[in-house]
Amino acid sequence: MPVASGVSIKELVDQLNPEQRRAVLHRGGPVLVLAGAGTGKTRVITVRIAHMVAEGLDPERVLALTFTNKAAGEMAERVAGFVGKDAARAMTVGTFHSLGLQVVEADAKRLGFTRGVNLIDAAEQASAVRQCLKQLRIDPKRHDPGMFLTAISNARNAGITPDRMSRMLGKKLTASVYRAYLEWLRAYQAMDFDDLILRAVQLFEEHPDVRDRWRKKFGTILVDEYQDTNLCQLKLMRILADEHRSLCVVGDDDQSIYAWRGADITNILEFERHFSDATAIALTQNYRSTGHILSAANAVISNNFDRRDKSLWTDVGEGEQLRLATCRDPGAEARFVADEILRLRSQHGVMLGEIGVLFRTSAQAGPIEEAFRQRQIPYRLVGAFEFYERKEVRDTLSYLRLIVNPYDEVSLLRIINFPQRGVGPKTLEALRDTASATKTPLFSLLDAADCIDGIAASTAAKLARLKDFIDEARARYAAEPAIAPLVEWLCEASGAREAWIRDPTEGPGGTRRWKTIEYLIRSIGRTEERLVGIDLKGWLRLVALDGRSTVEDEEAAAAEEVALQTLHSSKGLEWPVCFLIGCQEGIIPHQRTLDTPRGDVSEERRLFYVGVTRARRIAYLTRSETKRNYRGLEETKPSRFLGEIPAGDYTLVSGDDLEGNVSDDDKQQQLARLRELRARIAGKS
Ligand code: ATP
Ligand code: MG
């Protein structure tokens, strides 16, 4: 049977190596592919889907899960290339969270959510925890709200209740915040990201009819990046695959980089125990990288304990050695990266889209962006983009959420006094008290505030106007369901645009906030063109689940750009040329890890391994000798992972920009630094 790409499914399968083929063709029980980077795991998933569809499986019955919307989009695109766009569109290809949201939304009432699903994002979660701390009189300066959130999330995913946390684990303070947080979620009928999976499992466990409906819907399940799943996600898989047992998971324990977010590496290592009828297949041929890159990556990761040993090989030859560059400071490092990119382009014809610049922490992107701007190198920043966390964007989203669901109280409270309409804490308290005493949603009280004690008549009138405004916006959208024009009207008519432009914290001109919203409106317009028929609810859901990639996808339309992104977001991707910047102690391994009592750097090493294995032909590892902190300039040490690379796999290149006249002294100093670095690395390996 010919497939959309013009290649027959037989040819597609024939191109695979015998182990890949076995994983694609295996039927009658779960299959695990546990294999190193670049061995074609994702390819196994996509060809397996195409093969099953060619065998006659209805595309609607395919469930393929991966880690980010972006990765899901890429997977869907690859599959569409094999089976055609319509068939690919009929499949459920997404993230665990997007699946959870679908399941939970369909039966929210059964979970007691009578006013729809109000999904809160990370920023709203943080603000909820701060409210809980305030209520419990815990000083957020002494106790980091982020730590509470991580502890709460881990406990919830492990099925630990606040009571158990307090009694058995003795963590009384965290347990009290945990309890208050659950209460907060309940009071606002809100769900956080963990809820999407937890509640889906709860639905399946408590309502067999719901469970059976979803079990029947999906005839086969495939999971990419399985090493980063948590306990609850495993439960979900087990329930859904329990009858048909057509489950294919692929992953690499060496690329598990989300333990800090509750990922449980034992899910992949003990797959055969969780699914006793499972077949395990190993892949060893790496199709991505050249010999030196692979040898370096293998050597570094072999320093980790508790891993499955994998010997990866390649038949593309040794290729070029890794290039290690030491620069004076982060600015020089950025200029070096930018100049090398220009050189590769002009001397070797490398396209900008073939280059990835990877970093450990968001702060590292700044100098690189500046160097790129100065040299007019187009780039696309991924993963460090806090777009949806900006105040103006969050305010706009709150209005939009209210249009979809006026009972979304988190959103209502966010904009109840934006733009300023004189609603102070006293009014809010009076509103909240009345809402809970009369069991009336806040939104319904907006036009009855004149009957509430403690609310002035003038404020009540303003609240009533807010309700009218939301009602009017909803009517407008019903009459003309286009999102971008709605946002434009909304910002103007609500007075938000003027408030942003006049914002005194913005400095002269004060238009940055409005420019962000203009960008948002353009980006929404492009999404509407791309995803024909998407409605406001669908768009908000896309943003809630993975806002970052929605904006970036739009930007990706411009083809010739360098990708500038975090190591975490680079998982699964590849570039012919990769720069891994900031290879120094304190960055990778990260200081936070070094400061922990055991200082276990194995996850940081896995992150480094992920970075190196993204490169197909050329890999640069750069570092800066100094860093700036509040004490001034401070010397840095090369990352210990550099010292784990075999000497034959790298070469040192000069990392200092030699703009202008360079004196002999400078050259001598530079040589001395190179020699010193070589000695330090040799001393370590
Ligand atoms: P990662 O661990 O980084 O997620 P992966 O194991 O999922 O990697 P893929 O992304 O599927 O690997 O494949 C890596 C590269 O090798 C891709 O460019 C892919 O097209 C290519 N590839 C995979 N299998 C084969 C094959 N049998 N023949 C030729 N190329 C292949
Ligand atoms: Mg992959």
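This short talk walks through the domains, the sheets and a few individual residues of the structure shown above.

Please keep in mind that this is a predicted model, in which local features need pLDDT of at least 70 and side-chain atom pairs count only at pLDDT 80 or more, while totals for chains, interfaces and linings use all residues. Residues are numbered from 1 along each chain as its sequence is written, chains are lettered from A and ligands numbered from 1 in the order in which they are written, and side-chain values use heavy atoms, with hydrogens and water left out.

Let me begin with the domains, whose bounds come from an automatic or database domain assignment. The protein chain is divided into domain 1 (9-104 + 206-283), domain 2 (121-191), domain 3 (291-378 + 560-684) and domain 4 (388-554). Between the C-alpha centres of domain 1 and domain 3 there are 33 Å, and their contact, meaning heavy atoms within 4.5 Å, takes 23 residues from domain 1 and 16 residues from domain 3. The area buried between these two domains is about 1700 Å², with 52% of it given by carbon and sulfur atoms; buried area here is the accessible area, with a 1.4 Å probe, that two parts lose on being put together, summed over both. On the side of domain 1, Ala37, Asp254 and Ile257 supply 37% of the area buried against domain 3, more than any other three residues.

Next come the sheets, for which helices (H or I, at least four residues) and strands (E, at least two) are DSSP runs numbered from the N terminus, and two strands pair if DSSP finds at least two bridges between them. One open sheet has 7 strands in the order 11-12-10-13-14-9-17, with parallel pairing. Strand 11 (379-382) and strand 17 (650-654) stand at its edges with a single partner strand each, so one side of each has no neighbour in the sheet. Neighbouring strands are turned by 20° against each other on average, direction ignored, where axes are lines fitted to C-alpha atoms, for helices over the stretch in contact, and angles run from 0 to 180 degrees between N-to-C directions. Strand 11 is joined to strand 12 (residues 562-566) by 4 bridges, and Tyr379 has Val562 as its bridge partner in strand 12. Helix 18 (residues 365-374) packs on this sheet, where it touches strand 10 (355-359), strand 11 and strand 12, and its direction makes about 165° with that of strand 11. Helix 29 (residues 602-612) also packs on the sheet, touching strand 9 (322-327), strand 10, strand 13 (575-580) and strand 14 (615-624), at about 130° to the direction of strand 14.

Another open sheet consists of 6 strands in the order 3-2-6-7-1-8, again with parallel pairing. At its edges stand strand 3 (92-95) and strand 8 (279-281), each with a single partner strand, so each has one side without a neighbour in the sheet. From one strand to the next the twist averages 15°. Strand 1 and strand 8 pair over 3 bridges, and Val33 has Ile281 as its bridge partner in strand 8. Helix 4 (residues 69-83) lies across strand 2 (62-66) and strand 3, running at about 155° to strand 3, whereas helix 6 (residues 96-106) lies across strand 2, strand 3 and strand 6 (220-223), at about 110° to strand 3.

An antiparallel pair is also found, with strand 15 (residues 626-629) and strand 16 (residues 632-635) joined over 4 bridges in a hairpin with 2 residues between the strands.

At its N-terminal end helix 13 is capped by Asn230, with a side-chain oxygen 3.1 Å from the backbone nitrogen of Cys232.

I will finish with Lys571, found in the loop between strand 12 and strand 13. Is Lys571 buried or exposed? Lys571 is buried, with a relative accessible area of 9%. Its side chain makes a polar contact with the side chain of Asp228 at 2.4 Å; a polar contact is a pair of N or O atoms within 3.5 Å, where within protein one must be able to donate a hydrogen and the other to accept it, and residues adjacent in sequence count only if both atoms are side-chain atoms. Not counting residues up to four places away in sequence, Lys571 touches several residues, including Phe67, Ile257, Val610 and Arg614.

Technical notes
Buried means under 20% relative accessible area, exposed over 50%, partly exposed in between (1.4 Å probe, protein chains only).
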